[in-house]
Amino acid sequence: MKNPLDKGVYLERTSRRDVDVRGEYFRDQTAIIHSMPFRRLKHKTQVFFSPDNDHICTRIEHVLHVATIAATICKGLISYGWDLDIEMAYAIGLGHDLGHAPFGHAGEEVLAKKLGDEKAFMHELNSYRVVEHLANDGRGLDLTYGVKDGIICHNGEKSELILKPVSIKNDLENISDRSCMPSSYEGCIVRFSDKIAYLGRDIEDAILAKLVSMEDVPQKVAKELGNTNGQIINSLVIDMIENSHDKDSICFSDEKYEVFDALRNFNYKYIYKNEKMEEYKVYCYKIVLEIFEYLEELYKNLGNDYNAYKTRDKKLDKAFGSFIESMDTFYINEKDKPAQIVTDYVSGMTDSFALDCMKQITIPSPIDFF
């Protein structure tokens, strides 16, 4: 099985750079891992807000899980004769969550509200915006079309039994919601890998956080998929390979999908919607909202006067001014409104930086007696 579009389409990129020894998709991988947005993922929420335990999964670990799971599924299907590119799938996995806001979906909800319905914030769309426009001071990462298409169409929240790539080239600049399907099998595989990666790992973290116990996990899930993250991943990956290899789509078996969906429903009810998690979410929502409104007001007062930001007392003010200065050419060309500029900056924050910014906003600087 091979992709519906010509291979040259997936390899298209904005620049006319010569192919080097790395090849196109491995070059995309290195561009992603050397970028500032990727490095920030180690301090961004996966499920548990700003964890002080080094063993709790953060966003950077999640994207590595997704990349390796996608590569494994590709390897399995290639052994059956499929024409897939492992490096392309791995690059999509590495880059798919670069646009996540601080505090995960709590931060995402704030930014969506502040941007409004016309241009609501979605991390899938923002991940594309980051790699195509915002990274490298507004120059982007110059990734191939195939990788960008997989990133913007990854949608890991929706429960799906079967996926098949669209047969037309997606217009990435004009995608405005989560309904768009990837144009490659590699993109579909990453879309599934995103779901496979987080379900088992989130249970392990929730047990450490004492939100659930292993005995709470539905017996059918433990019997059919296993009771560790590794067992769950292995069961789902093998099932997907064995049930897709002779079809023109990527899919689970009906039996495994039923159990997979039961696991997903369990996680949503007892982990993601847990009362304690909902309490933390309220605080995180307030933090991001407070920072956003503070910076929005600051920008309305100072605009693009970079020197004015530099004279401010708060580190946040200075850092925001430096961001605006570095992005000056991009924002002049794009003619973005203040809300979008503030969204771009806030969405790039780590949990820890956002917490520090909140302290700067709410706690006055100490009086200098010297």
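## Close-up views of a predicted model

**View 1. Helices H6 and H13 cross in a right-handed way.** Everything shown here comes from a predicted model. H13 covers residues 275–302, and its axis and that of H6 come within 8 Å of each other, crossing at roughly 40 degrees. That angle is why H6 counts as oblique to H13. On the H6 side, look for Ala106, Gly107, Glu109, Val110, Leu111, Lys113 and Lys114. Their partners on H13 are Lys281, Cys284, Tyr285, Val288, Leu289, Phe292, Glu293 and Glu296. Sort the residues of this contact by class and you get eight nonpolar, six charged and one polar.

**View 2. Glu108 sits in helix H6, which runs over residues 104–115.** Is Glu108 buried or exposed? With a relative accessible area of 4%, Glu108 falls under the 20% cut-off, so it counts as buried. Now find Arg178: its side chain makes a polar contact with the side chain of Glu108, at 2.7 Å.

**View 3. Helix H17, residues 338–347, is largely enclosed by the rest of the structure.** Why can we say that about H17? Because nine of its ten residues are buried. Reading along the helix, the buried ones are Ala339, Gln340, Ile341, Val342, Thr343, Asp344, Tyr345, Val346 and Ser347. So what covers the buried residues of H17? The cover includes H6 and H13, the pair from the opening view, along with H15. Also part of it are H7 (123–138), H16 (328–334) and H18 (351–362).

**View 4. Phe320 belongs to helix H15, residues 315–326.** Phe320 has a relative accessible area of 0%, so it counts as buried. Which residues does Phe320 touch, if we don't count those up to four places away in sequence? They are Leu295, Leu298, Tyr299, Tyr309, Val342 and Tyr345.

**View 5. Phe320 and Phe266 are 54 residues apart along the chain.** How far apart are their C-alpha atoms? Zoom out from Phe320 to bring Phe266 into the picture, and the separation between the two C-alpha atoms comes to 41 Å.

Note on methods
Residues numbered from 1 in each chain as written. Predicted model: local features only at pLDDT ≥ 70, side-chain atom pairs only at ≥ 80, totals over all residues. Heavy atoms only, no water. Helix = DSSP H or I, 4+ residues; strand = E, 2+ residues; numbered from the N terminus. Buried < 20%, exposed > 50% of the residue type's maximum accessible area, 1.4 Å probe, protein only. Contact = heavy atoms within 4.5 Å. Polar contact = N/O pair within 3.5 Å; in protein donor to acceptor, adjacent residues only side chain to side chain. Axes fitted to C-alpha atoms, helices over the stretch in contact; angles between N-to-C directions. Parallel < 35°, antiparallel > 145°, perpendicular 65-115°, else oblique. Left-handed = near helix turned anticlockwise from the far one by under 90°. Nonpolar A, V, L, I, M, F, W, Y, C, P; charged D, E, K, R; others polar.
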